[in-house]
Amino acid sequence: MPNRYAILTVDTEALPARAASDHVRHLVWGEHAAGRAGVREMCAIGREFGAPHVFFVDMCGDELYPGEMAEVVSWLVRDGQDVQLHLHPEILPLQFWQRHGLTPRPRYMNEYQDIARAGFVIRFFSERLKELTGKPVQAYRAGSFRWNGDIIRALGQAGIPLSFNNSMRAHLLGRSPHAEPTNSPYTWSNGVMEVPVTERYYPAEPQRGKPEKWLSLKFPQSSYFQYAPPHSPWWRRWLPAPVDLQVFLLHSWSLLHWDDNQHATYLGDQRQEEYRRLVASIVKDYDVITTTDFLDLVGRRKIKTKQVVPLERADLVSTPPVTVSVNSSSGF
């Protein structure tokens, strides 16, 4: 059987709209009056099965909540986790931009039209993360998968070898000017390697009024992916054929629930048990790897990037996303 690998990625963030107060405590540590279900619990489940996580930590949150995200990073490093860069610059306070002589607009990274701005943001926060981890940043995922060609160029300039940004789902939502319809890693023409989040394509159903869509392999499962028993895990049935690399998408609040105000809250340990069963099923068929493992496997050609994509395809344009066709070579 060929080698198969899985990467458990966790976007670790404390966005203002997702909690009424104490954002890092509620959304990252998962601490609530009734109980706790956050990054520490994810790490414990991972250790139970020898399955490391890759925590993409939103370092912009450390500007909004001074010192709190740095504490999260330090804890994750002490716990032996793989900590990489995640950014939501739209939450940065006005004082941050004023301090550096920059305008706060545009807010979202997919709207950046200035390589200098993209380069500054990537460089500034990657250096801050490096100070906390003691290691160079190896991978970056944009907040809400908002990115464009200048972001990939900025990664190359900063010496960050891996981009975890490719998502057809986000592309069709208008969050990036381009995405490749594939689950396989590829290389941008500036040498940055792209590691797509695993997704499945669903064709349009005009007779039922349903447009085409792409759905990401994520936890918790949504209404279209009800949890299946361990002997028949939903994620295995979900893909039409086995793939050599699966990239799962989680958030630091994935073990919590949403209340009527769409704020994260703790409602018991059900999500933790579901996640434990999911990880138990993944490790039966896949080696769970970190970004360091990924780079090593690429170097030994155990994982291969199958194509080189011109970076110009991802440059910001004014035209809307177009429908793409999917063929058997895309891994779906």
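A: In this predicted model, helix 2 (residues 39–49) packs against helix 10 (residues 270–285) at an angle of about 35 degrees, and their axes run 10 Å apart. The crossing of helix 2 past helix 10 is right-handed. On the helix 2 side, the residues in contact are E41, M42, I45, E48 and F49; they meet Q272, Y275, R276, V279, A280 and V283 of helix 10. Sorted by class, that contact comes to 7 nonpolar, 1 polar and 3 charged residues.

Now for Y286. Its side chain makes a polar contact with the side chain of Q246, at 2.7 Å. Q246 belongs to strand 12 (residues 245–251). Is Q246 buried or exposed? With a relative accessible area of 2%, Q246 is buried, because the cut-off for that label is under 20%.

Next up is helix 11 (residues 291–299), where T291, F294, L297 and V298 are the buried residues. Why do they end up on the same side of helix 11? Because they cover an arc of only 120 degrees around the axis.

At its start, a side-chain oxygen of T290 comes to within 3.4 Å of the backbone nitrogen of T292. Just after helix 11, R301 adopts a positive phi of about 60 degrees.

Technical notes: Residues are numbered from 1 along each chain as its sequence is written. This is a predicted model: local features need pLDDT of at least 70, side-chain atom pairs count only at pLDDT 80 or more; totals for chains, interfaces and linings use all residues. Side-chain values use heavy atoms; hydrogens and water are left out. Axes are lines fitted to C-alpha atoms, for helices over the stretch in contact, and angles run from 0 to 180 degrees between N-to-C directions. Helices (H or I, at least four residues) and strands (E, at least two) are DSSP runs, numbered from the N terminus. A crossing is left-handed if the near helix is turned anticlockwise from the far one by less than a right angle, and right-handed if clockwise. Contact means heavy atoms within 4.5 Å. Ala, Val, Leu, Ile, Met, Phe, Trp, Tyr, Cys and Pro count as nonpolar, Asp, Glu, Lys and Arg as charged, and the others, Gly among them, as polar. Buried means under 20% relative accessible area, exposed over 50%, partly exposed in between (1.4 Å probe, protein chains only). The arc is that of the directions from the helix axis to the C-beta atoms. A polar contact is a pair of N or O atoms within 3.5 Å; within protein, one must be able to donate a hydrogen and the other to accept it, and residues adjacent in sequence count only if both atoms are side-chain atoms.
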